[in-house]
Amino acid sequence: MIAILDYGSGNLRSAQRAFALTGHETIVTSDPEICLASDGLVVPGVGAYGACMEQLIAAGGRDVILKRVAAGGPLLGICVGMQILFTAGSEKGPHSGVGIFTGEVSEIAAPILPHIGWNNVRASEESTLFRGLKDERFYFVHSYAAKEGVAEAINSYCNYGEDFLAAVERGPVSTVQFHPEKSGAVGARLISNWAETL
Amino acid sequence: MTLAKRVIPCLDVAAGRVVKGVNFINLVDAGDPVALAKIYGEAGADELTFLDISASVEERSTTLEMVSRTAEQVFIPLTVGGGIREVGDVDRLLRAGADKVSVNTAAILRPQLINEIADRFGDQVLVLSVDARRGQTLSGYEVTTHGGRKGTGMDAFAWIADATSRGVGEILLNSMDADGTRAGYDTEMIAQVREITHVPLIASGGAGALEDFSAALAAGADALLAASVFHFQTFTISQVKEHLALHGYPVRL
């Protein structure tokens, strides 16, 4: 069973429907035990960094993520659900993240923000998430991102004004800055690629 | 290798049914929003916009079900506009499966609504819909309501600046002078608005020929919204995108 972490952020039903489309049953829950026992944990996130972290901590999600990663349990972070796994974020003032990845999430240097729409991802050759999806367009909606590649990880990049991390895969932790659940057929393929590793 | 210019079909709905001018060949029920959304999704639409023109609260709840049924089957972003007056309306739409909402009249009547929505859901969820026409204001463009029928006396550019500072993710710029004419997007207004805002700009109103789409991009639009040219199959979304690609614009094919 795949669990989708419900901490009051993110379009949970979209994620659930996209998994259903690819033949994977999910449960939307904030129950730490179900989250920790699941085969895969999806961490969504929409909105501002600080607000998401506050909600995450209040719902006990921060501890769930830390315990799960420490135990080697697979996790997929989407959009702000990726960003909060870094050390810190600077959206509307400095905020501490969960700190799974070392690095900061900062505003993208581009004249028009937010970065909204379909952009190419330069997928790493080693990537599991992007198997069969080299240089496809995915749907992004964000103004902030992590820029520096994560050490000892498979880093995939996107460019909008500057290069930033579109996806990071390290051990059991997979993250994407875009919305696979809104990226049509290529997004469904990426979700399948992840689910098949569980 | 860059962000694609978006092509967005817009559907008018009331009480969960598509209304106003959809004439699709080979479609048994042109009023079914889910069927149309699927067709547009498969035809390469980059997003979909539903404009809810329901007259009553009861009809709006039917629209919510329609949004939910569409989101069940269409995996591209869905924007819903019309009748949003409070944060609760946004919450209901997002829970039903909308990804973004567009606000217009209610934000003009009470600008604080923009702050309330952006603070709760983030700027990126909010599309500010501006119905503008030429008028006797500082910028030469006036904000209208009721589909361009009522003038507000408000300067369109001042309103865009104010709204953007409150927290808006995108601007849907509808030209009331060009709307329905099929004589082309209002490129003059697009170019001027592009100068005063840093958020993505969606051009709307006036599309009638393929050249209109590339002209709007040349003027500075980031996305292109159109209704009747798609509903009446004047041309397909693919034809628009091929035209744009031919003119050197990045598109998702």
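The legends below describe close-up views of a predicted model. Local features require pLDDT of at least 70 and side-chain atom pairs count only at pLDDT 80 or more, whereas totals for chains, interfaces and linings use all residues. Residues are numbered from 1 along each chain as its sequence is written, chains are lettered from A and ligands numbered from 1 in the order in which they are written, and side-chain values use heavy atoms, with hydrogens and water left out.

**View 1. Overall form of chain A.** Chain A contains six helices and 13 strands (DSSP runs, numbered from the N terminus: helices are H or I with at least four residues, strands are E with at least two). Its radius of gyration is 15 Å, close to the 16 Å that the globule rule gives for 198 residues, so chain A is as compact as a globular protein of that length (the radius is taken over C-alpha atoms, and the rule is 2.2 Å times the number of residues to the power 0.38). The C-alpha trace of chain A spans about 45 × 40 × 30 Å along its principal axes. Of the 198 residues in chain A, 60% are buried (buried means under 20% relative accessible area, exposed over 50%, and partly exposed in between, with a 1.4 Å probe and protein chains only).

**View 2. The contact between chain A and chain B.** Chain A contributes 29 residues and chain B 35 residues (contact means heavy atoms within 4.5 Å). About 2500 Å² is buried between the two chains, with carbon and sulfur atoms giving 56% (this is the accessible area, 1.4 Å probe, that two parts lose on being put together, summed over both). Between the chains there are 13 residue pairs in polar contact, both residues being at pLDDT 80 or more (a pair of N or O atoms within 3.5 Å; within protein, one must be able to donate a hydrogen and the other to accept it, and residues adjacent in sequence count only if both atoms are side-chain atoms). On the side of chain A that touches chain B, strand E8 (115-120) is among the elements that supply at least two residues, and E8(A) gives the most, with six residues.

**View 3. A salt bridge joining the chains.** Chain A and chain B share three salt bridges (a side-chain nitrogen of Lys or Arg within 4 Å of a carboxyl oxygen of Asp or Glu). One of them links A:Lys182 and B:Asp99, whose closest N and O atoms are 2.9 Å apart. B:Asp99 and A:Lys182 are both buried.

**View 4. A salt-bridge network in chain B.** B:Arg6, B:Glu47, B:Lys100 and B:Glu170 are linked in a network of salt bridges. B:Lys100 belongs to strand E5 of chain B and B:Glu170 to strand E9 (residues 170-175), so the pair ties together parts that are 70 residues apart in sequence. B:Lys100 is buried at 3% relative accessibility, and B:Glu170 is buried at 0%.

**View 5. The surroundings of A:Ser38.** A:Ser38 occupies the loop between helix H2 (32-37) and strand E3 (40-43) of chain A. With a relative accessibility of 9%, A:Ser38 counts as buried. Its side chain reaches the backbone oxygen of A:Cys35 at 2.8 Å. Apart from neighbours within four places in sequence, A:Ser38 is in contact with A:Met1, A:Ala3 and A:Arg68.
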